[in-house]
Amino acid sequence: ERLGLAFNDLGRRRHGRPKTLFFCNELQRTYGSEDGQFAEGASFAVENWAAAGFWQELEDGLMQIKTARIPKLPLAFFTWHNRVEGQHAGHTMEELEETYFDPEFDREKFLRGGREILEGVAAFWDGLEADRVNKVYL
């Protein structure tokens with residue numbers, strides 16, 4: 001609300017840009033895969049990417065906006081998520097150990113899941129950058 005947005009202005013596919021929708025579709029396809037090894041690879045890759053600084057950078061950027069322009073901007077969701085993100089990576093490491101040491105472990109499927117979701121992550125960020133450069137503001 002402090003940004004001039006209502007509940008229905010956020011989180012709807014109709015608001016998504018093409019690269020964002022591609023990323024959302026890739027999350028659903030890879031995480032939701034019926035092939036557990038492929039899905040595990042996607043989960044491991046995204047959780048470790050996020051824990052490597054994404055949430056901290058997001059929190060830092062939002063804090064700058066709050067300090068400079070919107071003093072009452074609520075950031076609890078972002079600060080909380082940033083604090084628990086390290087736990088997600090730890091849990092995926094435990095899952096990796098269980099998966100890796102299973103006699104049925106398929107290294108190629110696992111790595112393919114990770115690569116494919118990280119390509120979705122890259123597409124999302126490339127799309128944001130293209131929109132910024134081209135001044136596409138919705």
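Me: How many salt bridges does the structure hold?

Reply: Eight of them, where a salt bridge is a side-chain nitrogen of Lys or Arg within 4 Å of a carboxyl oxygen of Asp or Glu. Keep in mind that this is a predicted model, where local features need pLDDT of at least 70 and side-chain atom pairs count only at pLDDT 80 or more, while totals for chains, interfaces and linings use all residues. Residues are numbered from 1 along each chain as its sequence is written, and side-chain values use heavy atoms, with hydrogens and water left out.

Me: OK, what does R29 pair with?

Reply: E116: their side chains form a salt bridge at 2.7 Å, N to O. It ties together distant parts of the chain, with R29 in helix α1 and E116 in helix α4, 87 residues apart. Helices here are DSSP runs (H or I, at least four residues), as strands are (E, at least two), numbered from the N terminus.

Me: Is E116 buried or exposed?

Reply: E116 is buried, at 19% relative accessible area, while R29 is partly exposed at 38%. The cut-offs: buried is under 20% relative accessible area, exposed is over 50%, and partly exposed is in between (1.4 Å probe, protein chains only).

Me: And where do D35 and K109 sit?

Reply: D35 and K109 form a salt bridge too, with the closest N and O atoms 3.0 Å apart. This pair also links distant parts of the chain: D35 is in the loop between α1 and α2 (36–68), K109 is in helix α4, and 74 residues separate them. Both ends are partly exposed, D35 at 23% and K109 at 31%.

Me: What about E129 and R132, how many residues apart are they?

Reply: Three, within helix α4, which means about one helical turn between E129 and R132. Their side chains meet in a salt bridge at 2.7 Å, N to O. E129 is partly exposed at 38% relative accessibility, and R132 is partly exposed at 48%. Elsewhere, salt bridges that share partners join E26, R29, R112 and E116 into one network.

Me: Switching topic. At what angle do α1 and α4 pack?

Reply: About 165 degrees, with the axes of α1 (residues 18–31) and α4 (residues 107–133) 8 Å apart. Axes are lines fitted to C-alpha atoms, for helices over the stretch in contact, and angles run from 0 to 180 degrees between N-to-C directions.

Me: Left-handed or right-handed crossing?

Reply: α1 passes α4 in a left-handed crossing, which is when the near helix is turned anticlockwise from the far one by less than a right angle (clockwise would be right-handed). On the α1 side the contact includes F22, F23 and L27, and on the α4 side I117, V121 and F124 are among the residues involved. Contact means heavy atoms within 4.5 Å.

Me: How does that contact of α1 with α4 divide up?

Reply: Seven nonpolar, four polar and five charged residues. Ala, Val, Leu, Ile, Met, Phe, Trp, Tyr, Cys and Pro count as nonpolar, Asp, Glu, Lys and Arg as charged, and the others, Gly among them, as polar.

Me: Zooming out, how many helices and strands?

Reply: Four helices and zero strands, in the pattern α-α-α-α along the sequence. The C-alpha trace spans about 55 × 30 × 25 Å along its principal axes, and 30% of the 138 residues count as buried.

Me: What does H81 touch?

Reply: W55 and H88, leaving aside residues up to four places away in sequence. H81 is in helix α3 (residues 76–100), and it counts as buried at 15% relative accessibility.

Me: Last one: what's up with the phi of K135?

Reply: The phi of K135 is positive, about 55 degrees, although K135 is not a glycine. Most residues other than glycine have a negative phi. K135 is in the segment after α4 and is exposed, with a relative accessible area of 61%.
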